[in-house]
Amino acid sequence: MKGPSMLNQICALTIKDLRIFVKDPAALILTFLQPLMFILIMSYALSGLYGGGDRPIRFLIVNQDQGRQAAAVIKDMQTIKSFALETTWKDAPLSRQSAERLIIEGKRNLAVIFPADFSAALEQGPGMQERRTAKVIVIADPALSSQFVDPIMGTLNGFIERRSFMAMVPKGIDYLYEASSPVKPRNDRDAFKAQAERAMEGGLSGKENKPVTLEQVSPPGMHVEKRPNAFQQNVPGYTIYGIFWIVSLLAGSVLREKREGTFRRLLIAPMGRAVMLIGKLLPFYMINLMQLIFIFALSKLLFGMTFGHSVAGVVAVSLAVSACATGLGIFVAAVARTEAQLGGLTVLLLLGLSALGGCFVPRFVMPSWLKAVGLATPHAWALDAYQDLLVRGYGFAEVLPKVGVLAAFAVLFFVIGVWRFRFE
Amino acid sequence: MIDVRGLIKRYGSNAVVNNISFSVAEGEIFGLLGPNGAGKTTVISILATLLHPDGGAVSISGYDVTRQANRVKPMIGFVPQDLALYPTLSAFDNLSFFARIYGFKGKALSDKVESSLDMVDLRNRAHDAVQTFSGGMKRRLNIAAGLIHDPRVLFLDEPTVAVDPQSRNFIFEHVEKLKRAGMTILYTTHYMEEAERLCDRVAIMDHGEILALDTPKKLIGLLASGLIRVKLPSDKVPVVAAGARDLPHVREASSQDDVVKIVTDDPLSTLPALIRLCDARSAAMLSLEMLEPNLETVFLHLTGKRLRE
């Protein structure tokens, strides 16, 4: 018999834990079906809501209008309590560029840009040969749900239409007076009405050629071809939530090995402790990667999810976030001494970190202090990185810093975990 | 094969193994006997490279177990008190895993696993999950796992705890077979009858110390043909103990707390004389025990307490 090789021992340990894993239905459900179940249920349950609560929805307003109509629309919008409009940033008036930068930096996620010719378009008279059209731009972070953006767009559209009507009525009356003078006899009333209808349809409302239109765009640098749906936005969050449940499986497996004495038996074998630890972690890291492939593949098949422009970026984030989850697993395994401790710690950590990291509720609706706290979780960085790739259309280079942060989290967990780890 | 000199192991200020020495020859079955907490598992854990000693020297086949653990590990096998197996895996998968860890591959691996399953008579349950096995079957598989790499030295830590009589006999027969094959075995137990049957020599341990070490026959011989223990009012113990030394067939009489212990070559002759002695000294007998000589009685004689107290 040849002496045992380290690689052979690591393979044996890995295969053993994978076999144990596939023979455990509860672990399979926890790993593969739980995140999918959350994605499905929560996407439907929260399909009408992403904002809410007592806190207003904040968004930026850039008023480039040279007339008074945009100011009037803004004033109308300020009467809605659930909106908080910001026209300045750090006491300086906002420009389109500064608004875009704030969205890219994640400080705000929506901006409305009123163009310079907004008033001119609204106040133009009926019957003009060359009609002017102004375009109000709504810049939205693609990670925002359409359920969040659409009500804002609808409200804005309503206010613009009202302002449009009010701006055009006086000019319409003048037009009608001119068109109908001198005073027509009573039997010409029908002809007058017809004239009025033509004025309203073709002149005042603009019919198909509206004086003002709304256009939703993404900030520069984000290559979004299609607005993401609720599934596309929920898949990353609940996937990350699901990935970190490996902590429970890994730490539970370590505790079982200690309790049942199998670690003790392995310690007597001619095998280094580092080999034992690698052999213990590797299968769970592989399970994490399989879990990611499973969830993403099913999300593509069932919900039509797309993976953005950078497969390398998705792979890099997936490798890093899986390393974080496995690292946290060894950390918990090192800290928990009993099954009861493990259960409590796992629930506390996994639900707490997922909630803070924005897996359940988007971080943009959180107060700023809670958003800052969320940055101390790997979940927030992983979620942001996935959203960069999957819904914001960013590439590998843009997510690299976030992959670096995730790798740092993983190293931190591994170092503390290995330092505190005891085989017996 | 195994050499232990002045071994000490402490947890804090508490010495769980206190300066013990013994050696085990190649092919010998050596028993460590004692109640729970005597320090047997600590000794076996140090020998199996799991614990570092705080003092003394321990070597196996000339290799120091602390400094040369890598040399020691391939030659030792360990059958722990716990069932150190993976319950959701099959017997075959369990043995395959441990065989791989020791470097078996391919056909050599499957041959080894199958012969090990034959050895413990579990071939027909090879592909059933271990969690469906009876306690005795699990114990047998536990032994097979400890022997998978054909070690030269085997540590058996209480291998018959919670085992049915049939499996216990199977284990005894198997251990005897291993001895015949020349394996050196260190066997811990608190069942004296096992030690009497299996061990060439035994060390009786209590509170981390070795109280006696010899062959079972010689240890039992310490009690001649029997031991009489009589409990008396404490003020009468010294006079009865002194008088008992002159009774017929008495080899040794001593006292421990309020008990007088008498080792005799003929308990049936000594007993009437003892009763007359107590009567003459006005010492009321509170209890009287006449024990046949065995290792259990040796332990009682040495420590004043029973093994399973």
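Mentor: Happy to. Strand β12 (residues 250-256) of chain B is joined to strand β13 (residues 259-264) of chain B by six bridges, and the two run antiparallel. Helices (H or I, at least four residues) and strands (E, at least two) are DSSP runs, numbered from the N terminus. Two strands count as paired if DSSP finds at least two bridges between them.

Trainee: Before we go on, what kind of model is this, and which pLDDT do local features need?

Mentor: It is a predicted model: local features need pLDDT of at least 70, side-chain atom pairs count only at pLDDT 80 or more, and totals for chains, interfaces and linings use all residues. Residues are numbered from 1 along each chain as its sequence is written, while chains are lettered from A and ligands numbered from 1 in the order in which they are written.

Trainee: Thanks. Back to the strands: which residue in β13(B) is the bridge partner of Ser254(B)?

Mentor: That is Lys261(B). β12(B) and β13(B) form a hairpin with two residues between them, and Asp257(B) in the turn has a positive phi of about 55 degrees.

Trainee: What order do the strands take in the open sheet of four?

Mentor: The order is β2-β1-β4-β5 in chain B, with antiparallel pairing. β2 (14-24) and β5 (63-64) of chain B are the edge strands, each pairing on one side only. Strand β4 (residues 55-60) of chain B is joined to β5(B) by two bridges, and Asp64(B) in β5(B) is the bridge partner of Ser59(B).

Trainee: New topic: helix α6 of chain B. Why does its length agree with what you'd expect at 1.5 Å a residue?

Mentor: Its 16 residues (165-180) should span 22 Å, and its end C-alpha atoms are 23 Å apart, which agrees. The expected span is 1.5 Å times one less than the number of residues.

Trainee: And which residues of α6(B) are buried?

Mentor: Ser167(B), Phe170(B), Ile171(B), Val175(B) and Leu178(B) are. Buried means that 20 or more other C-beta atoms lie within 10 Å of a residue's own, exposed means 12 or fewer, and partly exposed is in between, with C-beta atoms placed from the backbone. Seen down the axis, the buried residues of α6(B) fall within an arc of 135 degrees, so they line one face of the helix. That arc is taken over the directions from the helix axis to the C-beta atoms.

Trainee: What's on the other side of α6(B)?

Mentor: Pro165(B), Gln166(B), Glu173(B), Lys177(B) and Arg180(B) are exposed there. The cover over the buried residues of α6(B) includes β3 (29-33) and α5 (135-146) of chain B. Just after α6(B), Gly182(B) takes a positive phi of about 95 degrees.

Trainee: How many residues does each chain bring to the contact?

Mentor: Chain B gives 24 residues and chain A gives 23. Two residues are in contact if their C-beta atoms, placed from the backbone, lie within 7 Å. On the side of chain B that touches chain A, the largest share, four residues, comes from α3(B).

Trainee: Last one: how is chain B divided into domains?

Mentor: Into domain 1 (2-217) and domain 2 (224-292), with bounds from an automatic or database domain assignment. Taken over C-alpha atoms, the centres of these two domains of chain B are 41 Å apart. Across chain B as a whole, buried residues make up 45% of the 309 residues.
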